[in-house]
Amino acid sequence: MNEMGGPDLIPARMLNEFAYCPRLCYIEWIQGEFIDSSDTTDGRFQHRRVDLEKGCIKDDEHEPIHARSVYMTAPEVGLACRIDLLEGDGFRVTPVDYKRGEVPEIPEKIYEPDRVQLCAQCLVLRENGFECVEGIAYFIRSRKRVAVKFDDELVKRTKDLIAELRRVAERGIIPPPLKDSPKCVRCSIASICLPDEVNLLRKISDADETETAPHIRRLLPDRDDAKPVYVIGQGHTVRKKGDRLEIWNKDEKVGDAKLREISQLSLYGGVEITTPAMVELMQRCIPVIHFSYGGWFHGICIGTTHKNVELRIRQYQSATDPERALLLARKIIAGKIRNCRTLIRRNDSEVQRETLVTLARLAKNAESANSADSLLGIEGAAAEVYFSRLGCLLKGTQFSFENRNKRPPRDPVNAVLSYLYAVLVKDVFVTLLAVGFDPYLGFYHRPRYGRPALALDMMEEFRPLIADSVALTLFNNKELSKNDFQRTGIGISLTSDGKRTVIEGYERRMETEIRHPLFGYKVSYRRVLEIQARLLARMLSGEIREYPPFCTR
Ligand code: SF4
């Protein structure tokens with residue numbers, strides 16, 4: 001049995017988290033979300049010795065006990081725990097819990113959640129027939145032991161928390177985020193929880209003007225340390241060597257990257273990957289994404305699916321409820337039209353005021369569209385206005401743009417746009433999977449075999465901001481030339497070198513930091529994708545009333 005101890009038993013570690021913050025426990029235990037931070041990685045490293053099972057407990061009251069990583073359950077009290085070290089004599093035992101870090105500088109020398117966790121271990125031991133009156137917290141950095149007496153007050157507090165945690169789990173409603181709490185700064189899942197962001201959006205929708213707007217702290221890293229790796233080229237092979245991936249073209253090594261620095265691996269065309277490389281990537285939860293040579297998204301391989309089944313249930317409920325689906329679709333399309341308008345306003349000095357007014361009006365109409373069909377019509381009208389001006393944003397280049405065409409694109413600008421949309425939908429797809437969504441069930445794009453409808457929905461607001469903007473930059477900066485395109489039948493496609501140039505431009509854009517228009521902090525576009533996906537999850541869980549599309553000013 002694993003440490004979670006099955007659905008009926010609460011792991012003592014989760015009780016610790018519940019005492020720290022009920023929402024943290026809910027996200028990790030009920031929703032199954034967890035990310036490694038430097039703190040958790042360090043914690044595991046510090047714990048490595050006690051995590052190895054060693055020693056045993058004999059059924060002899062005179063035998064000394066010294067056992068490591070002891071797993072026990074207590075069905076009556078409803079707990080399970082893994083005790084780092086169990087010391088004792090016969091049936092009188094003391095659990096020792098290893099804590100990374102130093103003894104805290106507070107009068108009790110140990111925080112309440114850690115005392116509760118030890119007390120939970122005591123309750124498990126007592127139910128298993130042991131005598132247990134105190135526990136020890138061993139602080140690895142200070143190399144000090146701190147004793148915790150299991151008095152009536154602590155036992156009552158622990159039992160109250162067990163009962164409260166059960167109530168919260170049964171209710172199935174995520175507890176609200178803490179308000180401006182210093183605990184969030186050290187919380188390993190702050191980038192999943194988004195405490196300040198959720199509090200702000202709840203305040204905006206509640207329109208409670210008696211309170212001042214909360215200060216938004218950027219609790220998530222501004223960008224990922226790990227980067228996507230792209231392999232383009234027939235006949236290339238990806239292999240694993242030690243802690244690196246190597247890319248070979250026949251007998252020649254053409255590239256390599258450290259596994260821990262890879263966030264995703266995208267393979268274009270006939271690229272092969274060896275089984276050891278595939279297994280390693282699956283174990284590390286690094287997605288492998290397959291494209292055709294032309295950039296058509298084939299699919300994705302990942303280790304395991306996300307555990308947040310609660311989110312998927314809510315997604316299915318909302319997507320199959322036409323009214324709720326329309327509410328969300330309106331926001332997404334209104335956001336997209338606003339971003340199209342911003343791109344033109346910023347870059348088209350000759351644009352008529354009337355064009356901008358039309359786009360603003362269409363964005364407003366989208367927000368109040370009374371059916372999915374009417375929304376589709378509004379989006380189509382906005383696209384017509386927008387694409388009629390896109391060609392005017394190409395400056396000092398030999399390339400031109402008349403209108404949007406696809407399958408196949410019939411000019412270089414459309415070839416680049418199609419290619420960028422495919423790369424962008426791939427990134428949105430991966431982000432949605434990482435957050436726990438089913439990317440195939442959307443709110444605006446209706447389900448169709450093989451169509452990543454939710455990824456297409458979520459991509460809408462980013463099309464002008466990321467894909468169109470990258471295309472314009474590449475052409476206007478003359479990074480792409482006629483040699484980067486080839487004729488294929490009636491269509492035009494990018495050559496391998498052209499694709500590399502486009503992907504480089506795309507990655508530059510994704511790494512660009514922008515000031516978040518709602519939250520005020522700086523983040524990369526790649527992070528913004530994740531924030532938006534998490535806000536969608538918060539909206540579906542009912543924590544925030546409306547989905548706020550990402551709109552630049
Ligand atoms: S970020 Fe704050 S509110 Fe959110 S789970 Fe962590 S401690 Fe709780």
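Two strands count as paired here if DSSP finds at least two bridges between them, and the strands themselves (E, at least two residues), like the helices (H or I, at least four), are DSSP runs numbered from the N terminus. What you have above is a predicted model, in which local features need pLDDT of at least 70 and side-chain atom pairs count only at pLDDT 80 or more, while totals for chains, interfaces and linings use all residues. Residues are numbered from 1 along each chain as its sequence is written, and side-chain values use heavy atoms, with hydrogens and water left out.

With that settled, start with an open sheet of 4 strands, which has the order S10-S9-S8-S12 and mixed pairing. Strand S10 (252-258) and S12 stand at its edges, each with a single partner strand, so one side of each has no neighbour in the sheet. Helix H8 (residues 275-283) packs on this sheet and touches S8, S9 and S12. Contact here means heavy atoms within 4.5 Å. The direction of H8 makes about 65° with that of S8; axes are lines fitted to C-alpha atoms, for helices over the stretch in contact, and angles run from 0 to 180 degrees between N-to-C directions.

Now look at the individual pairings. Strand S8 (residues 236-241) and strand S9 (residues 244-249) are antiparallel, over 6 bridges, and Lys240 has Leu245 in S9 as its bridge partner. The hairpin of S8 and S9 has 2 residues between the strands, and Gly242 there takes a positive phi near 60°. On S12 (residues 272-273), S8 pairs in the parallel sense, over 2 bridges.

Strand S11 (residues 262-268) and strand S13 (residues 288-291) run parallel, joined by 4 bridges, and Ser266 has Ile289 in S13 as its bridge partner.

Next, the inside. Of the 553 residues of the protein chain, 54% count as buried, meaning under 20% relative accessible area, with exposed being over 50% and partly exposed in between (1.4 Å probe, protein chains only). A nonpolar core is a set of buried Ala, Val, Leu, Ile, Met, Phe, Trp, Tyr and Cys residues joined through side-chain atoms within 4.5 Å. The largest one has 102 residues, and those with the most contacts inside it are Ile337, Leu390, Val416, Phe437, Phe485 and Leu536. Helix H13 (residues 412-435) gives the most to this core, with 16 residues. Domain 2 (227-301) and domain 3 (309-511) both give residues to it, so the core lies between them; the domain bounds come from an automatic or database domain assignment. Apart from this core lies another, of 51 residues, including Cys122, Val124, Val148 and Val168.

Helix H17 is worth a stop. The 16 residues of H17 (residues 525-540) should span 22 Å at 1.5 Å a residue, and the end C-alpha atoms are 23 Å apart, which agrees; the expected span is 1.5 Å times one less than the number of residues. Just after H17, Gly542 takes a positive phi of about 90°.

Most residues other than glycine have a negative phi, and most peptide bonds are trans. Arg143, in the loop between strand S5 (134-139) and strand S6 (144-149), has a positive phi near 55° and counts as exposed at 68% relative accessibility. Asp180 also has a positive phi, of about 45°; it sits in the loop between helix H5 (152-171) and helix H6 (190-193) and is exposed, at 52% relative accessibility. Asp180 is touched by Asp196, a residue of helix H7 (residues 195-206) that is buried, with a relative accessible area of 2%. As for peptide bonds, the one from Arg407 to Pro408 is cis, with omega near 0°, and Pro408 is in the loop between helix H12 (372-390) and H13.

Technical notes:
Lists of a residue's contacts leave out its neighbours within four places in sequence.
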